Structures are given as structure tokens and as C-alpha cells.
Number of protein chains: 2
Amino acid sequence: MPLVVHKYGGTSVADAAKILSVARGIGKVRDSGVEVVTVVSAMGNTTDDLVRLAETISPDPDPREMDLLLSTGELVACTLMTMALRSLGYDAISLSGSQAGIHTDTVYGKARIDRIDTARLKKELAKGRVIVVAGFQGITADQDITTLGRGGSDTTAVALAAALGAERCEIYTDVEGIYSADPKLVPGARKLAEIGYREMLELASYGAKMHPRSIELGRYYNVPIYVSSSFSDASGTLIHQGPDEQPMENRVKIAGITCDTNVAKITVRSVSDRPGIAAALFEPLADAGMSVDTIVQNTSLDRTTDISFTVSRGDLPGALRQVEKVLETIGAPDVASDSTLASVSIIGSGMQNTPGYAARMFRILAEGNINIDMITTSEIRISCIVKEEQVEEAVRLLHRGFELEEAQ
Amino acid sequence: MPLVVHKYGGTSVADAAKILSVARGIGKVRDSGVEVVTVVSAMGNTTDDLVRLAETISPDPDPREMDLLLSTGELVACTLMTMALRSLGYDAISLSGSQAGIHTDTVYGKARIDRIDTARLKKELAKGRVIVVAGFQGITADQDITTLGRGGSDTTAVALAAALGAERCEIYTDVEGIYSADPKLVPGARKLAEIGYREMLELASYGAKMHPRSIELGRYYNVPIYVSSSFSDASGTLIHQGPDEQPMENRVKIAGITCDTNVAKITVRSVSDRPGIAAALFEPLADAGMSVDTIVQNTSLDRTTDISFTVSRGDLPGALRQVEKVLETIGAPDVASDSTLASVSIIGSGMQNTPGYAARMFRILAEGNINIDMITTSEIRISCIVKEEQVEEAVRLLHRGFELEEAQ
């Protein structure tokens, strides 16, 4: 019997009526002779509410406690979904991340999956049951509960699909698929019928609402991921071993424009320019589990240098603490930060062998009077850090400038 | 270093301010050189809210799913309490029932503790940590989450105190201790400075707000249990190897009056009066994990009998289903039920060798025009089933009639 993994986000399970509606949809798939493993996120704004609750107790809650607290949101949603399926006559069972065998490392708040022990999952599937798994969470070797970070339920779903050899992983959300830009910002944005893993990885890393790690996992294990709406029957977007992995001459060069306002910049000024400085600066951040994005370093004539890098805004206080610890070691007088920035990126595998995309991007932004603070590039992406208040305009200008508007 | 177990009920941890206040109290105890393991219930009405949420999805939720759902309430409270302790500078860690090694049987909704594996608890205590345990829950051999039934956090606390060899278990609640009757019903009710396990067991079984199983456990393992208010410094009630276990001639004969409105009565009519009937009727109820209380059987001249028994109101639908299955087997034409009843009990070890208490109780109720539907007795308790609307009056009349009013 074919097996698919479904994943439903918070808005898809926000209340009892929506949960029952999703359960009916899962039931239809089951009736068609398909085995279903469903991953659910916490209902609506539950996770935000729990974070606020913790902040009423402590300004800086312990990460281990925070993870155990947040994991309850997905447990509630997955038991309710199971009750809904059972009330419709389907034999269903809920499993916590721990019960589903999702073993992670110990980096609380952004744990990574080490392995999935599928014994319990396979036992329940063998009984003909629909399994509902609490997304976003796992367990360490010491039986402590971890969470995978915001959007982590996508990763739970793709990891389960890989571990169980599912035909594909279907991500149901509040949008109809992946667009050439955020339709809320760009009315003419096009929905993509398909996209390759690498392009999607860049889109997800730079603002599209999917967990980038889920795309990495999908690519590594070659799990096709289908993104569509839980509220409409419109066709969605298939993320798979697509055009960007099989170069063709005349495909669309730019897949999409994306932006990310969750950007904070840290600048360490007048660092001595000698070997080992970057390591001394960035190793403590890595040890603290913080992901550093764009890094820019420019050495001046007096043999000192300013190093700037970006982190997510939630990591800014922690990152500053780590940096302050090593200021003396690296011979830097002080550190500055700015959390009024955002990134805008153009993404497309078509760029990699074609010169001129970067220049065209900078020209379009300059004509819009948008100043560029930092620049980074990958093979298939160019990102600019700009003022947050200008980033939406930047997306619109680039979408038009690269002629991505929907064909009339 | 001496060790105590504290338990805080839902009203004691109802909001952030209360949680921080409790944490400060725990901190003071820790500062005095005492090791503390704290058990917390879910905040305020969380459990009721979760039950209602489940009922919006399904009228008859699966018990396994219900337990996993309800267990989240205590997880939230215990992580917040841990954050509060840490914000005050105490090294604290939260443990779910599973992490605290609380292993139970598989009777969802009212699981019983099989054993406590104290390895993790002892490891954390050895680190000098204050441990905060999620009450009310455990885990089965198959790693499924169970709950211990309403009030189960008391049992968690006493079981941990027994397993860890604690000096005593302190139950902090919204009343100042154990009274000779509910002070809300009887303004002259007396607070008891101490009470024996057996008397307390009867009080708890027949309406006082403590989990009777916690008292059984305390008695078996000889764990002194101290009940007092988390909102005042008034002295509470010590439940221990007390006067009822060491008979003395001139002690107070009646410890208290209690009532329970969570009573439903089932009557199976015209049962054939032959051996095995009671077993055929009650075995399926026991297998379904339902606790049957008062049982009355009266055989009539025509060799048939009516069997009546009481269950908690929550168990009434399930109990009726079990009974209906065996009606044919036991040769009974039909079954009736009544959920408008309540029990009122007088409790005191002083009664066991002294005749006349029952007669005096029945006389007091009769003079109050309160009709008695069923009667049961134990060595140290006499209970009458009466109409629910008369039970509060019954408590007041009995409290006065047995001269339990506070000395002026």
C-alpha cells in the first residue's frame, strides 16, 4: 500500500471545525487505499502564546525548560486530530516526537534530528492505523525533550517521509504553493508548478515560509515535497529533483524574489588583522548553536578590520553576549548592533553561468533609491541587506525589473 | 541533607504572580539546607479547559488520546515553575512523569503507579538541583502517557516522597488544612491539627479534596503528609500514624463530616438470584477500570433481586454500556440510573467499638426530613446516599448534631 506523509500548519488546525475538516480530508485519502502519517503543528498562535507566558515568568527562560513547554502545543493538536479521526470512524493514534522515535542532538530550541527509530511507527501502520505525529519535537539520548526551531514541523514531516520510504511528503498550509514573490507584497506574483530542491532551499533560507532544513532533507533523501493549501483544491507546487538539477538552456533564469525581516547585524570594530581572529569570534557562536548568516570583512590600511555579520533577531542578545566575551581576546575595542535591517534575495539556478544578474539587481535597487548595506551571493542566489522599511519596495521593484509578473 | 516533597495544586499556580510567589517559598526552604522535590498540578482550570476542547472534537474521546492531551497541562505548569526558580537564582530542572521515572499500568484516565525508577531524580538531586515534577502522569511499559485521575498529583507527590525516602510530603492547597466539615457549608467547622491515615482515607474517599490513593500510599510507606495553604502562614493538618492507629479511650469520636456530589446510582432490576450473578455484573466494570462504590442487594420472595450500586458520574455512561452487555447473561430485563444523588458520611475511628453512632446519624437526618436512599458502613465510616439537593443541609445538621462546632 502506498504511504504518504501529510503536514498541517497551525492555521490549518486553528480550531475544532478546521481540525474536523482536515480529518475528513485525511479520511478520504485513507479510503482511497493510501497509508497516511500526519504531522501537525500547534493550533493557531499557541506557540507564541506559550512564549509570552514564559516571558511573564522570566525574561530569559532556560532553553531546556522552554523546549519542554513549547512541545505541549503540538501534543494538544495531535491528540485532538486523532480524536477527530476516531470520531469519523478511522482507527488513529497520536504519537509524541519521542514516541515516534525522533532522536535529536541536545541543542535546545534548534535541535537537529540524529535518527528516526521507526519500530513504533511501523507497528502502528501494520495495525492499519492512521498515525498523527506531534511535529517540531524530538528527544535526546538522556530522554530530554527538544524542539527543532520555528517551522520545525516541516522537517519532522520530511524526515518521517524519508525514514518510512513514503511516496511523497505533502505540506498543507495557508497559501496555495510557492510563488515567484510573496503575493501579499507583489500582486502579480506567479505560483510555481514545480521547483528544484536547490532553488527552494535558497527561497526557504531567505524568507519563504518553509523550514530550510526540510528542503535539505528532501533533497538528500530525494523525497518529493508537495506544497498546497488546506483550504482550497487549487493545485500547489511540487518541490523535487527538478529543472535546476538538470540544466537546460532556455528555462526561466530567476525563480523568485524573497525577503526576510528577521535580520540583525553585529559589527565588531577595529579587530586586529591576524590569523585565528575569525575563528575566535565565530566558534563561541557556533558552540552556542547560533547560526550566522552573511559575513563581511574589509581590511583597512592600518591593519585593523571591521567584521560584520547577521543573525536572526531572536539570537541577537545571546550573540552579543558571546561576542563580548571574546572582545579582549581578539583585540577589539567594542561591538555595535543594528536590528532595523532586512534581506532581499533573487534566486534562480539560471544565474550560475550567466553574468550580469548581480549588476542588474544593484542597478534596479539604486534606481529605487534603496541603499545596500551588505551583499552576499551563492551559486544560485544574490542577497542584499537593506533598511527594513525599504525591503517590501525592493521586492516589488526586483519582481518587475526581472520581468517575473504573471503573463496577462 | 533532609529531603521534602512539596505539591502545589492548580489554584496555587494559577498565574505568573502565584508561580513566582510559590517559587520564592520553595527557594526559602532550599536556602535553609533542605533538598526539595516539587510536584505541580496544571494551572487553574487548564484541565477542565482541555476536557472541553476535546469535547468540541468528539463526544467520547479515546482514553489514550485524552491522557496525552491532559498531561500537557502539568508539563506547562512545571516548566514555568522551573523558569521561576531559575529566575530567582536556583538551579532547577523540570521532569515530566516519564522523565521522573513514574511507571504505571495501562488503565488510561486512572492509571496506578507500578514503580518509580529514581535514577534520574537522584542524579539531579546529586547536582544540588531543585526538581519540579509534572504531577498526575506517568508512562506505560510501551512508552504511552497515562494520567492518574483527578487529584492524581497528590499521589505523584506521596509516591515520590516514599520512593526517595523523604522526611515528609507537604501538600499546598487553597485551604488551610483538613476540617471537621467543609467550611463553605459549615461555618463552625474546626481545622484538625492532626489526623490518622485511616480517618483521612475515609474523609478523602467521601468528599474531602484529596486523592484517596495518596493517603493509602502515605499510610503504606509511613510518609507523614502535611496539608496547608499556599496563601497563608497558618498551621495546617498533619496526616500521620496518628491517634486512630493507637486507640485511646477519650479522644474525639467523630473526626469529620464529608459529602460527595459526584455520585450516580445504577439499579439492575429483577436479577435472577443465583450464584455468579454479582461476578458477571461487576467483573466487566472492574475490567473497564471503573470503581464501584456502595453496593446494595435485597432478595425478594420471588427469588429475584434488585442490585443497586453507585459509580462516579463521569463513569455512568461507560458503566451503563458494560451493564447492558451482560443484562441477558444475568437474566435481568432492564437497568435504571439516577444521577441526582449525593453521599454524606460521618468518619471517625472512635466509632468502631462504640454502638449508637449509626442510629444517631439516621435520627438526625430523619429529624431534618432527609430521606436515605442507600446506606454503607466501614469500620470507621457510615455513609448515606441522599438527594443531592439535601446533602449540604445534611452536612450542617450532622456537624451540629455530633457537636463538632468550634469551641467558642
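1. In this predicted model, the axes of helix 6 (residues 197-205) of chain B and helix 7 (residues 212-221) of chain B come within 8 Å and cross at roughly 165 degrees. Because angles over 145 degrees count as roughly antiparallel, helix 6 of chain B is described as roughly antiparallel to helix 7 of chain B. Their crossing is left-handed.

2. The contact between these helices involves Y197(B), M200(B), L201(B), A204(B) and S205(B) from helix 6 of chain B, and P212(B), I215(B), E216(B), G218(B) and R219(B) from helix 7 of chain B. By class, the residues of this contact are six nonpolar, two polar and two charged.

3. The contact uses the same surface in both copies, since 100% of the contact residues of chain A recur in chain B.

4. Most residues other than glycine have a negative phi. N369(B) is not a glycine, yet its phi is positive, near 55 degrees. N369(B) sits in the loop between helix 10 (357-367) and strand 17 (374-378) of chain B. It counts as exposed because it has 8 C-beta neighbours inside 10 Å, and the cut-off for exposed is 12 or fewer.

5. E403(B), also not a glycine, has a positive phi of about 55 degrees. E403(B) lies in the segment after helix 11 (391-401) of chain B. With 9 C-beta neighbours inside 10 Å, E403(B) is likewise classed as exposed.

Key
Residues numbered from 1 in each chain as written. Chains lettered and ligands numbered in written order. Predicted model: local features only at pLDDT ≥ 70, side-chain atom pairs only at ≥ 80, totals over all residues. Contact = placed C-beta atoms within 7 Å. Axes fitted to C-alpha atoms, helices over the stretch in contact; angles between N-to-C directions. Helix = DSSP H or I, 4+ residues; strand = E, 2+ residues; numbered from the N terminus. Parallel < 35°, antiparallel > 145°, perpendicular 65-115°, else oblique. Left-handed = near helix turned anticlockwise from the far one by under 90°. Nonpolar A, V, L, I, M, F, W, Y, C, P; charged D, E, K, R; others polar. Buried ≥ 20, exposed ≤ 12 C-beta atoms within 10 Å, placed from the backbone.
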